Amino acid sequence: MSLGVDPICVNSVCSFNCTYCQLGFIQVRVNERQIFVPTEKVMRDLAESRWREADVITVSGSGEPTLAANLGEIVDGLKSFTGKPVLVLTNGTLLHLPALQAELKRADKVFIKLDAATEETFKRINRPVPGVTLEGIVKAACAFRENYQGFLGIQMMFTRVNLHEVTQFAELLKRIRPDEVQLNTPTRPYPQKWVIQTRGSHDGVDYPARPLKRITSEEAFRLEADLRALTGLKIISVYGGK
């Protein structure tokens, strides 16, 4: 059971504009940090939430959470108030910053997005802001791995576009050496406009949206087996594996 914490919360703000994003077309596309929600507000809302039922506190939300300049304060506050492990989800576009690496080291788990194994596919799927490259993210992830004592995961979203890049993905994963790799495929529709419900919707979508093409369970099982054989890493599939 995970309790989600959104340090953005105003609208959709990200350094990516992923073609499969459950938030739809990102409204504000930046790669500079600022404070969106004061830490005091986060802690007040946390106290009023059902935090005792959670096994883990997950920092994610309306875009890229590391854009929040008070992320370190938020992580510290979540850990001290709840005594529960804190997980941060990130696309890694700011991971080259020493200050951010220091903040993320305080989290128990960090999961980095990796949806492409070539720069061409990276631009096609993730549509990053200018100046962000796949190689830059991978290098920063490798540097972070060297000094991070917590649990490092990689989350990969597979679509028809990147399904053929298994060998290249394996090479990147061997460079990063994560503790776990999660294979996903789009399970939420792509909204035609921004509505706040997109931040947590799974089933029963009641806003205008279009479905996305998923990989099949057979393709997912093959990816899982291939990546495990090529990397020797722990691989978890959205379809549960065999």
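Reader: How many helices and strands does the protein chain have?

Author: The protein chain has seven helices and eleven strands. Here helices (H or I, at least four residues) and strands (E, at least two) are DSSP runs, numbered from the N terminus. This is a predicted model, in which local features need pLDDT of at least 70, side-chain atom pairs count only at pLDDT 80 or more, and totals for chains, interfaces and linings use all residues. Residues are numbered from 1 along each chain as its sequence is written, and side-chain values use heavy atoms, with hydrogens and water left out.

Reader: What share of the 242 residues is buried?

Author: Buried residues account for 51% of the 242 in the protein chain. Buried means under 20% relative accessible area, exposed over 50%, and partly exposed in between (1.4 Å probe, protein chains only).

Reader: And which residues in the largest nonpolar core touch the most other members?

Author: Leu 114, Met 156, Phe 158 and Leu 227 do, in a core of 70 residues. A nonpolar core is a set of buried Ala, Val, Leu, Ile, Met, Phe, Trp, Tyr and Cys residues joined through side-chain atoms within 4.5 Å. Helix α5 (residues 134-147) gives the most to this core, seven residues.

Reader: Take Leu 114. What is Leu 114 in contact with?

Author: Leaving aside neighbours within four places in sequence, the contacts of Leu 114 include Leu 134, Val 138, Ile 154, Met 156, Phe 169 and Leu 172. Contact means heavy atoms within 4.5 Å.

Reader: On to the sheet. How do β6 and β7 pair?

Author: β6 and β7 pair in the parallel sense over five bridges. Two strands pair if DSSP finds at least two bridges between them. Ile 112 stands opposite Ile 154 in β7.

Reader: Which strand is on the other end of Ile 154's bridge to Val 181?

Author: Val 181 is in β8. Strand β7 (residues 151-157) and β8 are parallel, with five bridges. β8 also pairs with strand β11 (residues 235-237), in the parallel sense over three bridges, and there the partner of Val 181 is Ile 235.

Reader: Is β8 enclosed or open?

Author: Four of the five residues of β8 (residues 180-184) are buried, so the strand is largely enclosed by the rest of the structure.

Reader: What hand does the unit of β7, α6 and β8 have?

Author: Right-handed: β7, helix α6 (residues 166-176) and β8 make a β-α-β unit of that hand. A crossover is right-handed if, with the strands pointing away from the viewer, the path from the first strand over the helix to the second runs clockwise. Elsewhere, strand β5 (residues 86-90) runs parallel to strand β6 (residues 109-113), and four bridges join them. The chain crosses from β5 to β6 through helix α3 (residues 98-104), and this β-α-β crossover is right-handed.

Reader: Where does Phe 151 sit, and what does it touch?

Author: Phe 151 is in strand β7. At 24% relative accessibility, Phe 151 counts as partly exposed. Not counting residues up to four places away in sequence, Phe 151 touches Asp 108, Lys 109, Val 110, Phe 111, Asp 179 and Glu 180. Phe 151 and Asp 179 are 28 residues apart in sequence but 6.2 Å apart in space, C-alpha to C-alpha.

Reader: Switching to helix α1. Which residues of α1 are buried?

Author: In helix α1 (residues 39-47) they are Thr 39, Val 42 and Leu 46. Seen down the axis, these buried residues fall within an arc of 60° (taken from the directions from the helix axis to the C-beta atoms), so they line one face of α1. They pack against β1 (2-5) and α2 (71-82). The face turned away from the buried side carries the exposed residues Glu 40 and Arg 44.

Reader: How many disulfides?

Author: The structure holds zero disulfides, a disulfide being a pair of cysteine sulfur atoms within 2.5 Å. Cys 18 is in none; the nearest cysteine sulfur, that of Cys 21, is 6.2 Å away. Cys 18 is buried, at 6% relative accessible area, whereas Cys 9 is partly exposed at 39%.

Reader: Last one. Which loop holds Arg 127?

Author: Arg 127 lies in the loop between α4 (119-125) and α5. Arg 127 has a positive phi of about 45° although it is not a glycine. Arg 177, in the loop between α6 and β8, also has a positive phi, near 60°.
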